[in-house]
Amino acid sequence: MEAPEQEPYPLDVEAVRADFPILQRKVGGDVTVPGEDEGDTKPLVYLDNAATSHTPDQVVDTIADYYRSYNSNVHRGIHHLSQEASVAYENAHDRVAEFIGAEGREEVVFTKNTTEAENLVAYAWGLNELGPEDNVVLTEMEHHASLVTWQQIGKRTGADVRFVRVDEDGRLDMDHARELVDDDTAMANVVHVSNTLGTVNPVRELADLVHDHDGLIFVDGAQSVPHMPVDVADIDADFFAFSGHKMCGPTGIGVLYGKEHLLEEMEPYLYGGEMIRKVTFEDSEWEDLPWKFEAGTPVIAQGIALHAAIDYLEDLGMENVHAHEQLLAEYAYDRLTEREDVDIYGPPGDDRAGLVAFNLDGVHAHDLSSILNDHAVAVRAGDHCTQPLHDKLGVAASARASFYVYNTREEIDKLVEAVDDARQLFA
Amino acid sequence: MGIGGGSDMYRQQILDHYKNPRNHAELDDATFSHTGENPSCGDTITVDVRLEDDGETIDYMAFSGDGCAISQASASMLSERLQGMTLDELEAMDTDDITEMLGVDISPMRIKCAVLARQVAQDGAKLHEGEIDDLDVTKTED
């Protein structure tokens, strides 16, 4: 059979795949010890990148090199290893700043993940600044990371928490946003790219709207930074956050970006060592930014590894990364919409990020996901940490395929074959 | 062996009970009823149990609700299994009894779907017997 002419990939996928040994795994046998395969196995088709991406050898090697060569605590020892670790750890902040268009390391705080970055601002800023006269504007497509956080801060401070509607096409209703944002809006928290709908939100337009009313805006970049060029200055975000493990980095590291004057004014979120300059029995003085917000021994190995992950992605080129995922998203959208028994949530294929959440008519998402797993196709099934959005969509759960730099059209074909199998089983 | 090249978990028996659930009804003359859910999956099951005159032997169990194939098939199979059993026997059923009843290996992530109906029936029985008194809806843990 002659394959139809297909648009070439923006990335050299074969070369990229060679950097990720985990993609050579076969799965589907009994789940025993991690990494050991028994029984009937098939080559892994990993389409759960919005949950976590894989880690290339270059990043794994960086972590191993840190522990093997210069593992040490930072900002404490005068000894050689501590100085090496400190320099590498500080440089990682500079690298992140450069990557996202921040002005410098003062604006880059390392956290555990996006969720902790949200909580840092909610506790350090929200609890101190919000009151019953204020409102916080969220969207109906927020991830629980921001939704639950600001909902609870609202309960504690009396601030009104309101949600911008999502329309039929899975886009924000901007007229509704203009109704909700008013002079009492102290904070807006908007997801840059929806992890469920794949919608890319007009965050600059929202930032301008909120700033016109003297409010602040926090942009959740967990699903944007790994996949497209992002510049926080272009967006004019006051706060911005993302996670390392969704962008070829390790777990355990996230980034909070904040405009320097805002971080400067904020109280620390965690107290302890590393974040202080001077301590007496009576009082303490805080260290400079960003260390003021990095109490205790920080995420040293993870921070240095994030640096390596950014190097890896920039070698590929973020424009190419984005173009590759666009191509896959459109292909998956087209292949799935060919079917009359599949419901896809969110905007059309040519106007969405690299993920597709869907349901197969008559098959619960968890059953579908189990059957896909039998084909070694890994997708996420559930509510993707957007329960209220799923309630609005009228479904308890959905299956979500999400793509990254190493995925191919053939893998999407395998996804569709597995969906066919589920269809037959449940016919 | 699976069918249609599909899952071992979805053998004919499971799919048959899912597509043609047994005792899928609501009882007007139930001795007790109880409802439970898997909040993260959206599976819901209501179990209606009618006891015989001795107050101990299960005459009939019916169920209603919706959710994934594993949760619904498990409820259907349980409704057949419970007929003639005593409440003590019901309360003694553990997870192994359920996987044995289903006749397939249930992957760790799906166990809570498989055991939902049993949990609901057991909680219903305990409420009926006054062993617990403060449970509105059974919710499985994540």
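Predicted model: local features only at pLDDT ≥ 70, side-chain atom pairs only at ≥ 80, totals over all residues.
Here are a few friendly notes on the sheet of chain A and the helices around it.

1. Residues are numbered from 1 along each chain as its sequence is written, while chains are lettered from A and ligands numbered from 1 in the order in which they are written.

2. Start with the open sheet of chain A, whose 7 strands follow the order β4-β10-β9-β8-β7-β5-β6 with mixed pairing. Strands (E, at least two residues) and helices (H or I, at least four) are DSSP runs numbered from the N terminus, and two strands pair if DSSP finds at least two bridges between them. At the edges are β4 (108-111) and β6 (160-164) of chain A, each pairing on one side only.

3. Next, look at β4(A): 4 bridges join this strand to β10 (residues 254-258) of chain A, and the two run antiparallel. Here A:Val109 sits opposite A:Leu256 of β10(A).

4. Finally, follow helix α10 (residues 300-316) of chain A, which has 17 residues and reaches 25 Å from its first C-alpha to its last, close to the 24 Å expected (1.5 Å times one less than its number of residues). Because 13 of the 17 residues of α10(A) are buried, this helix is largely enclosed by the rest of the structure; buried means that 20 or more other C-beta atoms, placed from the backbone, lie within 10 Å of the residue's own. Just after α10(A), A:Gly317 takes a positive phi of about 95°.

Terms used: Buried ≥ 20, exposed ≤ 12 C-beta atoms within 10 Å, placed from the backbone.
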